[in-house]
Amino acid sequence: MSELRFEQVSVRFGGRRGMTAVDGVDLVVPRGQVVGLVGESGSGKSTLARAAAGLTPLSGGRILLKGQPLSTRQGERRPLQMVFQDPHSSLNPRMSIGDSIAESLSLYGKGAKAKRTAEVQRLLEMVGLDPQRAFSYPGQMSGGQLQRVALARALAGQPEVIIADEITSALDVSVQGTVLNLVRDLQRELRLSMLFISHNLAVVRYVADRIAVMYLGRIVEQGPAEQILSNPQHPYTKDLLAAVPSHTRSSLTPMAIDPAVRAVNDAEPADPHHPPSGCRYHMRCPIGPLVLPGRGICKESDPAAEDHQHAAACHFADELLPAGKAGLS
Ligand SMILES: Nc1ncnc2c1ncn2[C@@H]1O[C@H](COP(=O)(O)OP(=O)(O)OP(=O)(O)O)[C@@H](O)[C@H]1O
Ligand code: SF4
Ligand SMILES: [Mg+2]
């Protein structure tokens, strides 16, 4: 598996009257690590993923795999495999599970059929399914089982990177955990390089080595998972964490649960067709100009994340760090 790097990647839809769904994103999925990409609906997560998979053209920037621009590999098999939210729509209902997985295997020539059968069985076992499932059809399996098949199919393509887009969102809560466990086990065993997308930070934190937080087309914070979870530096990340029912609640400052501030925080997301000037979060920010009028800078100047291991795009990020931690990267 290999490193995937996004450099100033932008994706625009709909010409001059359209909107920029992904706006100047810098993001690295290091070799053998899982990067969790989190953000609310419409923040641009799937668009970024689809751009990497070559399903959506870039309007700016570039995407590199092992240091080589992906665009120069046209004609080759895409070295990225995607797993989507709905396993029913990503598998052909008329094809047996075994055939669906075998389709992604590149085994040809003498003895290929036997090798394919053996490899399909090995992959099914790897994702925790009975190898006999090769003879089943999608309609005979549950959503959780199908998502395991989708993972097996992705692995069969021997990709450099796997992109998993909301792969547990359509599953029953009771099954979500087992699929997440599987992703974690596979990652440890195979050292997968993976971009793992979810709108739910509680899901992402379960599998991610690093976390990137996206808001209105931009990455507003990224860093090692444990640092993002224990010391979030961007108010939006704090807001996402506040929705996670866990011990991470204890790291919230009183500010984040003050009712007046909460009202600001619960405001509707900005219109992506007309993103606010300056910091895109300023209409919702509990430490921004709506609550603290002196902070006009947030309306005027777009905060850039510094190039640290753990970085947040906020003029006042240091305020959210626990005493003594300001400036650490
Ligand atoms: N093909 C398209 N044409 C026009 N606009 C699009 C297209 N695809 C996405 N968008 C817009 O781009 C923005 C980002 O959408 P995207 O699907 O990437 O968000 P997301 O973060 O994946 O959301 P979700 O959590 O709901 O999956 C949205 O405002 C969406 O309406
Ligand atoms: S720059 Fe200002 S408005 Fe934006 S997140 Fe930071 S404090 Fe809030
Ligand atoms: Mg999406």
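**A walk through the fold and its ligand shell**

Among contacts (heavy atoms within 4.5 Å) in the protein chain between residues at least 6 apart in sequence, 63% join residues at least 24 apart. This is a predicted model: local features need pLDDT of at least 70, side-chain atom pairs count only at pLDDT 80 or more, and totals for chains, interfaces and linings use all residues. Residues are numbered from 1 along each chain as its sequence is written, chains are lettered from A and ligands numbered from 1 in the order in which they are written, and side-chain values use heavy atoms, with hydrogens and water left out.

Start with the whole chain. The protein chain has eleven helices and eleven strands. These are DSSP runs, numbered from the N terminus: helices are H or I with at least four residues, strands are E with at least two. The protein chain holds 329 residues, and 51% of them count as buried. Buried means under 20% relative accessible area, exposed over 50%, and partly exposed in between, with a 1.4 Å probe and protein chains only. The accessible surface of the protein chain is about 15,500 Å². Carbon and sulfur atoms own 49% of that surface. Accessible areas come from the Shrake-Rupley method with a 1.4 Å probe; for residues, only the protein chains shown count as cover.

Now go to strand β3, residues 34-38. β3 is mostly covered, with five of its five residues buried. In a regular strand the side chains alternate between the two faces of the sheet. In β3, Val34, Gly36 and Val38 point one way, while Val35 and Leu37 point the other way. All of them are buried.

β3 has partners. It pairs with strand β8 (residues 194-198) in the parallel sense over five bridges. It also pairs with strand β9 (residues 210-215), again in the parallel sense, over four bridges. Two strands pair if DSSP finds at least two bridges between them. Gly36 takes part in both pairings: its bridge partner in β8 is Phe196, and it stands opposite Ile211 in β9.

Leaving out residues up to four places away in sequence, Val35 touches Leu27, Val28, Val29, Pro30, Met194, Leu195, Phe196 and Arg210. Val35 and Val204 are 169 residues apart in sequence, yet their C-alpha atoms are 8.6 Å apart in space.

Next comes helix α3, residues 97-103, which contains Ser100. Ser100 is buried because its relative accessible area is 2%. Apart from neighbours within four places in sequence, Ser100 is in contact with Leu91, Asn92, Met95 and Arg153.

Finish at the ligand. Ligand 1 is surrounded by 13 residues, each with a heavy atom within 4 Å of it. The closest are Ser41, Gly42, Lys45, Ser46 and Thr47. The shell divides into four nonpolar, six polar and three charged residues. Here Ala, Val, Leu, Ile, Met, Phe, Trp, Tyr, Cys and Pro count as nonpolar, Asp, Glu, Lys and Arg as charged, and the others, Gly among them, as polar.

A backbone N or O atom of Gly44 lies 3.0 Å from one. A side-chain N or O atom of Lys45 is 2.8 Å from one. A polar side-chain atom of Ser46 also lies 2.8 Å from one. Taken alone, ligand 1 exposes 640 Å², and the protein buries 59% of that. The elements giving two or more residues to the shell are β2 (19-29) and α1 (45-52). The largest share, three residues, comes from α1.

Methods. Polar contact = N/O pair within 3.5 Å; in protein donor to acceptor, adjacent residues only side chain to side chain.
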